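The sequence and the structure come first, and the description follows.

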Amino acid sequence: MSRLDFEKDGVEIRKALLSQKDIEIVKSDIDLESDIFQKYGVRNLEKKFSSISRLVADEKILSIAQTLLNGRVSLVRAIFFDKTPQKNWFVTWHQDKMVTLDRKTNIEGWSAWTLKDGIHHVQPPVAVLNKMVTFRLHIDSSDVENGCLKVIPGTHKYGILKQEEIDKIVACEAAVSCEVDTGDAVIMRPHILHSSSKARNPDHRRVVHIEYSSYELPDGVSWA
Ligand SMILES: O=C(O)CCC(=O)C(=O)O
């Protein structure tokens with residue numbers, strides 16, 4: 001597979017975006033024994049851990065996000081994913097198409113409002129997703145053995161897909177396994193088709209998932 005390119009493929013891998021020191025700080029800050037880690041994905045991470053509030057504001061990460069989106073960016077949300085022998089989960093092919101806002105309000109074209117863990121989730125138009133970028137910062141290396149992320153390059157260009165469309169694409173387009181080392185980042189469009197399998201050899205597979213957007217929200221509304 002040739003090198004993935006964010007513009008063309010909607011995904012790329014940046015080697016060694018996090019330093020060994022960054023990784024050690026996250027590892028020692030995030031206590032995996034805590035009750036909150038009994039869930040499959042832990043949300044609002046930057047409000048719970050100082051190491052993550054530092055990472056979401058990291059100059060190097062912000063500058064890449066700003067270059068890729070061609071404008072000033074704001075944090076949308078930060079989530080933590082881990083796969084372990086006790087929590088060896090999989091996710092089917094999907095697009096990330098929901099965002100989180102601090103309040104429910106009437107914005108034309110924004111639909112499917114739900115309240116989860118006290119946070120308003122909503123599906124914005126694709127124009128908003130086109131102004132978003134996701135960083136998956138790898139605290140552990142990831143490969144097919146421990147259930148790395150798989151993507152189908154270029155699929156963000158198809159817009160928001162129905163399940164039948166996803167099934168057809170998955171049947172005929174080639175997927176790529178995003179195998180990475182500790183400290184690498186998978187940088188992707190939220191609406192690229194992605195999935196991950198259960199680990200064959202489960203061990204920690206910690207990922208800090210951070211979404212930024214350069215989309216300007218209407219007055220009085222913020223990302224949550
Ligand atoms: O970390 C993973 O394996 C995938 C998580 C994911 O894509 C999601 O929950 O949207």
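The text below goes from the whole chain to its sheets, single strands, backbone angles and ligand shell.

**Overall fold**

The model is predicted. Its chain contains seven helices and 13 strands. The radius of gyration is 17 Å, close to the 17 Å that the globule rule gives for 224 residues, so the chain is as compact as a globular protein of that length. The C-alpha trace spans about 45 × 45 × 30 Å along its principal axes. Buried residues make up 34% of the 224 in the chain. When contacts between residues at least 6 apart in sequence are taken, 82% of them join residues at least 24 apart.

**The four-stranded sheet**

Four strands form an open sheet in the order β4-β12-β9-β10, and their pairing is antiparallel. The edges are β4 (91–94) and β10 (176–177); each has a single partner strand, so one side of each is left without a neighbour in the sheet. Within this sheet, β9 (residues 149–152) pairs with β12 (residues 193–196) through four bridges in the antiparallel sense. Leu149 lies opposite Ser196 of β12.

Strand β13 covers residues 207–213, and seven of its seven residues are buried. In a regular strand, side chains alternate between the two faces of the sheet. Here both faces are covered: one side carries Val207, His209, Glu211 and Ser213, the other Val208, Ile210 and Tyr212, and all are buried. Strand β3 (residues 74–81) pairs with β13, and so does strand β8 (residues 132–138). In each case the sense is antiparallel and there are seven bridges. Ile79 has His209 of β13 as its bridge partner, while Val133 has Tyr212 of β13.

**Strand β1**

Strand β1 (residues 11–14) has a covered face with Val11 and Ile13, and an uncovered face with Glu12 and Arg14. It runs antiparallel to β11 (residues 185–188), to which four bridges join it. From the uncovered face, Glu12 has Ile187 in β11 as its bridge partner.

| Strand | Partner | Sense | Bridges |
|---|---|---|---|
| β9 (residues 149–152) | β12 (residues 193–196) | antiparallel | four |
| β1 | β11 (residues 185–188) | antiparallel | four |
| β3 (residues 74–81) | β13 | antiparallel | seven |
| β8 (residues 132–138) | β13 | antiparallel | seven |

**Positive phi angles**

Ala112, a residue other than glycine, has a positive phi near 60°. It belongs to strand β6 (residues 111–116). Ala112 has 10 other C-beta atoms within 10 Å and is exposed, because a residue counts as exposed at 12 or fewer.

Asp117, also a residue other than glycine, has a positive phi near 50°. This residue sits in the loop between β6 and β7 (119–123). Asp117 is exposed too, with 9 other C-beta atoms within 10 Å.

**The ligand shell**

Which residues come nearest to the ligand? Of the eight residues around it, they are Phe81, Val91, Asp96, His194 and Ser196. By class, the shell consists of four nonpolar residues, three polar and one charged.

Phe81 falls within β3 (residues 74–81), and Val91 within the edge strand β4 (91–94).

How values were computed. Residues numbered from 1 in each chain as written. Predicted model: local features only at pLDDT ≥ 70, side-chain atom pairs only at ≥ 80, totals over all residues. Near = placed C-beta within 6 Å. Nonpolar A, V, L, I, M, F, W, Y, C, P; charged D, E, K, R; others polar. Helix = DSSP H or I, 4+ residues; strand = E, 2+ residues; numbered from the N terminus. Rg over C-alpha atoms; globule rule 2.2 N^0.38 Å. Buried ≥ 20, exposed ≤ 12 C-beta atoms within 10 Å, placed from the backbone. Contact = placed C-beta atoms within 7 Å. Pairing = 2+ DSSP bridges.
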